[in-house]
Amino acid sequence: MHVWWLVAIAVVAVLTAILFFRLHAFLTLLLAGWLVGLLTLPAALQDYAANEVAKGKMTSQQADAFVQSSAADRLVHAFGETAGKVGVLIALAGVIGSLLMASGAASVIVDAMLRLTGPKRAPEAMAASSFVLGVPVFFDTVFYLMVPLAQSLRRKVGKDYVLFLLAILAGGSIAHSLVPPTPGPLQVAEIIGVDVGTMLLAGLGIGSVTSVLSLAAARTINRFVEIPLPETATTESQDAEQALGENASGNRPSLVLALLPIVVPVVLIATGSTVAYLAQSSSSPTGGWVKFVDNLCDKNVALAIGCALSFLLMRYCDPKEKNKLVATSLAAAGSIILITAAGGAFGAMLRQAGIAGAVAGLAEGVPGLMILPLAFIVTVAIRTLQGSATVAMITAAGVMQGFAAEGTLPFHPVYLAMAIGAGSKPVSWMTDSAFWVITRMSGMTEAQGLKVISPMSTAMGLAALLVTVSFAYFLPMAG
């Protein structure tokens, strides 16, 4: 029972710090982690250390030092471990995203999608483009890019403004919560103990199907809500027409060059995970080529190669922006790294307190696939109350990580991670910073946002949960 009291205290601390004291997520997660570490019983620390020794992750001397260490020392150590695992990935993804945006490569991808689908399937093109861009680029940035295009299409078609806006969410917002290297999925994979390559493949598969279902929900919402094009959209729409290729006079990269920084890392990481899986399942000895592939397809190396390829786009950037472009993107990534590492430290404190054993015991009373809706509900509750999808995912993963204990789940742990990602969608409303970004950029009022964005976020979450449960039922051990 002591562990569940710690969980309750930690969650209340997170919500109180964010909702009432408006404390930054980085400080909030560190505070929650320190409280858990401070209140953890010595017996729980001894059990945790003994398990780590049994797994070969600690020596007896290290275990003794761990039990004697302070809460602050354990928190800082866990913070450093997490930063070492995800920091490089987030920084490299930030650089790739910035160069895609600044060079016009992102617009080239959107342009190609629209040419491929035609005007009648423009919503599908918007959703597909935002999904592709949402893999290396944060959703807020994707929306900034895409909303003028939605306004331009609305001026041409004369209707369906809501549909065009929601199509962006159906692609980019889903990728933000399901596909690494965005921080939420990346950290959930780390906490749950899922290989990043497996998380990437599952996120792409489940996310793609979810986007299709979410687009159907967007069409339904569009029938009931009509929002006029804001008067301020004229200039942005004209800029969007240039981005779409109309009256374009600037020099832009080719589609192949625009896609390289995205596709190459995805292919390398997926290849590495596939080869590792085949090597583990093969009874024959593996040669040096497996080690070579493992090194080449390492997630950090793959993102570094993608980052190097993205520098080919530098010549298409504004000369005035070139000198500070990388520095600006790294500065923005730094804040995300701090939040993610603090979330990892918080999860580590919960593990040390014995949450894994407590949740694993609880799992005995939860029938099969019902674990996934449970993870979904926990994440939805945290997300709706405090607003941030990333914080909700990290917090929920810390609470639910015990379900991923070996032999506990009747399906691959990646589905638990997907269910947590699905739960980070509902409910987007006043507490969500993205809610204000979308309403202000699109010209919606708060009331219109509640009629459009909140139902759409709920539909996306439910669709992602449905797809995740279906995959877990039909392909329980995939990945």
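A: A charge sits over a ring if NZ of Lys or CZ of Arg is within 6 Å of the ring centre and within 35 degrees of the ring normal. Please keep in mind that this is a predicted model.

Q: Over which ring does the charged end of Arg 74 sit?
A: The charged end of Arg 74 lies over the ring of Phe 66, at 5.9 Å from the centre of that ring. Phe 66 itself belongs to helix H4, which covers residues 60-68, and with a relative accessible area of 11% this phenylalanine is buried.

Q: How is a pair of aromatic rings described?
A: One gives the distance of the centres and the angle of the planes. Here the count comes to 6 aromatic pairs. One of them is formed by Tyr 48 and Phe 66, whose centres are 5.5 Å apart and whose planes make an angle of 40°, a tilted arrangement. Tyr 48, like Phe 66, is buried, and the relative accessible area of Tyr 48 is 18%.

Q: Why is the pair of Phe 139 and Phe 143 called tilted?
A: Planes under 30 degrees apart count as stacked and those over 60 as edge-to-face, with the rest taken as tilted. The planes of Phe 139 and Phe 143 stand at 50°, with the ring centres 6.1 Å apart, and therefore the pair is tilted. Both residues lie in helix H8 (residues 139-157), where a spacing of 4 residues amounts to about one turn of the helix. Phe 139 counts as buried at 7% relative accessibility, and Phe 143 counts as buried at 0%.

Q: How many residues apart are Asp 111 and Arg 115, and in which helix?
A: Asp 111 and Arg 115 are 4 residues apart in helix H6 (residues 105-117), so about one helical turn separates them. Their side chains meet in a salt bridge of 3.1 Å, N to O. Asp 111 is buried, with a relative accessible area of 6%, whereas Arg 115 is exposed, with 60%. Together with Arg 252, these two residues are linked in a network of salt bridges.

Q: Are Glu 124 and Arg 121 buried or partly exposed?
A: Glu 124 counts as partly exposed at 23% relative accessibility, and Arg 121 is partly exposed with a relative accessible area of 47%. The side chains of these residues meet in a salt bridge at 3.0 Å, N to O.

Q: At roughly what angle do the axes of helix H5 and helix H16 cross?
A: The axes of helix H5 (residues 71-102) and helix H16 (residues 319-353) come within 5 Å and cross at roughly 145°. The crossing of H5 and H16 is right-handed, and the contact of these helices has 23 nonpolar, 8 polar and 1 charged residues.

Q: Where does Arg 22 lie, and what is its phi?
A: Arg 22 is placed in the loop between helix H1 (2-19) and helix H2 (25-39), and its phi is near 50°, a positive value in a residue other than glycine. With a relative accessible area of 67%, Arg 22 is exposed. Asp 160, in the loop between H8 and H9, has a positive phi too, near 65°.

Definitions and conventions:
Residues are numbered from 1 along each chain as its sequence is written. This is a predicted model: local features need pLDDT of at least 70, side-chain atom pairs count only at pLDDT 80 or more; totals for chains, interfaces and linings use all residues. Side-chain values use heavy atoms; hydrogens and water are left out. Rings of Phe, Tyr and Trp (its six-membered ring) pair if their centres lie within 6.5 Å; planes under 30 degrees apart count as stacked, over 60 as edge-to-face and the rest as tilted. Helices (H or I, at least four residues) and strands (E, at least two) are DSSP runs, numbered from the N terminus. Buried means under 20% relative accessible area, exposed over 50%, partly exposed in between (1.4 Å probe, protein chains only). Axes are lines fitted to C-alpha atoms, for helices over the stretch in contact, and angles run from 0 to 180 degrees between N-to-C directions. A crossing is left-handed if the near helix is turned anticlockwise from the far one by less than a right angle, and right-handed if clockwise. Ala, Val, Leu, Ile, Met, Phe, Trp, Tyr, Cys and Pro count as nonpolar, Asp, Glu, Lys and Arg as charged, and the others, Gly among them, as polar. A salt bridge is a side-chain nitrogen of Lys or Arg within 4 Å of a carboxyl oxygen of Asp or Glu.
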